[in-house]
Amino acid sequence: MSSINPHVDLIREVFHYKNRFEGSIMVFKIDYPVTEDPGFPGLVKDLALLAKTGFKIVIVPGVKENIDAVLKDHSIDTSREGSPLGIQVRITTSQAIKYVEMAAFNVASRFMTFFSGSRVDALIGNFVRARGLGIINGIDTEHTGTVDKIYADSLGRVLSLGMVPIIPCIGWSPSGKPYNVSSDEIALIISKALGANKLFVVTAHDGLNITKLTPVETEKLINSESVKSQSVRELKLALKASQAGIHRVHIIDGREEGAVLKELFSNIGVGTMIYTDECDSIRIFHSRDLPDILRLMEPLMQNGILIRRSAEQIQEKKTDYHVLEIDGSVRACGALHDWGEDKGEIAAVATDQKYTDRGLGRQIVGYLIEKAKKAKMRHVFVLTTQTQDWFESLGFKEASVESLPEKRRKLYDQSRKSKVFALEL
Ligand SMILES: CC(C)(COP(=O)(O)OP(=O)(O)OC[C@H]1O[C@@H](n2cnc3c(N)ncnc32)[C@H](O)[C@@H]1OP(=O)(O)O)[C@@H](O)C(=O)NCCC(=O)NCCS
């Protein structure tokens with residue numbers, strides 16, 4: 001077999017995700033500083049590409065810093081108060097609201113300009129019905145509002161026409177009174193109302209360096225001291241969204257070129273995904289996985305790290321093999337062979353070379369160890385030529401060839417001089 005062509009692999013991956021998510025609804029909450037970044041036109045181009053490809057996308061621009069600047073230019077002071085929503089809101093007076101509207105629509109119009117440049121129909125709309133927050137801590141919040149209702153049917157119609165709705169941070173009461181509403185809140189409630197498949201929180205700062213988080217891990221991180229304060233707001237938004245039933249929330253750095261496409265069309269992504277659905281899992285090998293595991297093992301067999309196994313040999317022992325899938329693609333494998341004498345051999349452990357150092361190898365070995373325990377084995381071992389340090393880091397200890405079960409000892413290849421490492425269970 002020839003070595004893997006990375007381009008072909010990438011194209012396959014893109015098609016996999018295109019088929020999986022095509023037609024799905026994705027909401028993009030994009031922080032204001034991203035719209036000021038030199039990479040902003042490129043970001044909108046990528047979003048336009050998604051819309052043209054059949055993804056239904058909704059844009060919720062963040063405007064906070066722009067509103068601050070516009071109000072400052074007009075010498076209007078505003079304060080912030082904690083709201084019943086658990087977030088700080090700007091007290092928007094009747095003097096401030098027209099400037100807030102101006103700032104919000106200016107930003108929305110920037111998106112419109114770049115979507116037009118990509119020949120995608122976009123629409124700035126009044127899809128948010130709002131109501132006033134009333135009096136908080138004795139302060140009349142005047143034009144500060146909260147989402148009362150999302151006109152989801154109208155939004156759905158716009159999306160079905162292939163258009164991109166852009167939702168400014170303004171909502172109107174049934175009588176037409178404008179309210180300044182948090183764009184985080186709008187993004188959250190729109191995602192929920194539309195049953196969005198994904199919410200992207202697009203920021204303008206470095207990411208967390210964490211690929212995936214469950215909601216429980218997200219909560220722990222929010223309460224930990226290690227997280228930078230700049231990330232807390234988006235983590236809180238992501239947590240609320242996942243609790244509201246959005247299965248995947250992605251926090252990405254919008255300044256990074258192609259960040260949305262990379263996050264969407266590759267298994268590992270570039271940002272942090274807060275997920276509530278199963279995205280990687282270990283399962284038993286099926287015959288249809290044969291090309292995938294041969295693809296993983298071939299380069300390692302070619303350079304002698306793994307011993308050569310034919311398709312037939314793998315099929316013969318197929319119940320011993322397990323694969324680790326990420327979003328439906330096989331990215332790691334391993335086998336547990338039972339040699340009797342309560343001893344099992346962990347073998348054919350391989351991680352896709354593009355996915356190393358992400359804990360996949362550890363996961364698969366851990367899974368095989370658990371399997372051995374369930375099968376009442378008392379001891380697992382590996383034969384390795386180049387990976388002894390790694391197995392040692394997993395708790396394995398060097399053992400002698402003599403300690404191998406008899407049947408396996410007879411097959412020991414003296415020319416390979418593999419070392420034996422074992423773990424008592
Ligand atoms: C060994 C292998 C399975 C590890 O897969 P992986 O998914 O990258 O493993 P993990 O992410 O769980 O662990 C990565 C860690 O192990 C370290 N590591 C990887 N290969 C190593 C090796 N040969 N020796 C020592 N350490 C190694 C990495 O540097 C990394 O360290 P870090 O956590 O401190 O950053 C993978 O590199 C591979 O496929 N190797 C070739 C096949 C092989 O040797 N199989 C074992 C014989 S059955």
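Helices (H or I, at least four residues) and strands (E, at least two) are DSSP runs, numbered from the N terminus.

This is a predicted model, in which local features need pLDDT of at least 70 and side-chain atom pairs count only at pLDDT 80 or more, while totals for chains, interfaces and linings use all residues. Residues are numbered from 1 along each chain as its sequence is written, and side-chain values use heavy atoms, with hydrogens and water left out.

## The neighbours of β15

Which strands pair with β15? Strand β13 (residues 198–203) runs parallel to β15 and is joined to it by six bridges, and in this pairing L199 stands opposite V249. Strand β16 (residues 272–275) pairs with β15 in the antiparallel sense, over four bridges. Two strands are said to pair if DSSP finds at least two bridges between them.

R248 belongs to strand β15, and it counts as buried because its relative accessibility is 3%. The C-alpha atoms of R248 and I274 are separated by 5.7 Å, although these two residues are 26 residues apart along the chain.

## Strand β16

Strand β16 has both faces covered, with T272 and I274 on one side and M273 and Y275 on the other, and all of them are buried. Besides its antiparallel pairing with β15, β16 pairs in the parallel sense with strand β14 (residues 212–213), over two bridges. In that pairing, L213 stands opposite I274.

## Helices α6 and α7

Two packed helices are described by the angle between their axes and the distance between the axes. Here the axes of helix α6 (residues 152–160) and helix α7 (residues 183–194) come within 10 Å and cross at roughly 80 degrees, which makes α6 roughly perpendicular to α7. The axes are lines fitted to C-alpha atoms, for helices over the stretch in contact, and angles run from 0 to 180 degrees between N-to-C directions; angles under 35 degrees count as roughly parallel, over 145 as roughly antiparallel, 65 to 115 as roughly perpendicular and the rest as oblique.

Which residues make the contact between the two helices? On the side of α6 they are A152, L155 and L159, and on the side of α7 they are I190, A193 and L194, with contact meaning heavy atoms within 4.5 Å. Sorted by class, this contact has six nonpolar, no polar and no charged residues, where Ala, Val, Leu, Ile, Met, Phe, Trp, Tyr, Cys and Pro count as nonpolar, Asp, Glu, Lys and Arg as charged, and the others, Gly among them, as polar.

## Residues outside the strands

G117 is placed in helix α5 (residues 97–117), and it is exposed, because its relative accessible area is 65%. The C-alpha atoms of G117 and V44 are separated by 9.5 Å, and these residues are 73 residues apart along the chain.

E142 lies in the loop between β8 (139–140) and β9 (145–150). Its phi is near 50 degrees, a positive value in a residue other than glycine, and with 30% relative accessibility E142 counts as partly exposed. K417, in the loop between α15 (406–411) and β23 (419–424), has a positive phi of about 55 degrees although it is not a glycine. Is K417 buried or exposed? With a relative accessible area of 63%, K417 is exposed.

## The chain as a whole

The chain contains 15 helices and 23 strands, and of its 425 residues, 49% count as buried. Along its principal axes the C-alpha trace spans about 90 × 45 × 35 Å. Among the contacts in the chain with a separation of 6 or more, residues 24 or more positions apart account for 72%.

The chain is divided into domain 1 (10–275) and domain 2 (280–424), with bounds that come from an automatic or database domain assignment. The C-alpha centres of these two domains lie 45 Å apart.

Notes: Buried means under 20% relative accessible area, exposed over 50%, partly exposed in between (1.4 Å probe, protein chains only).
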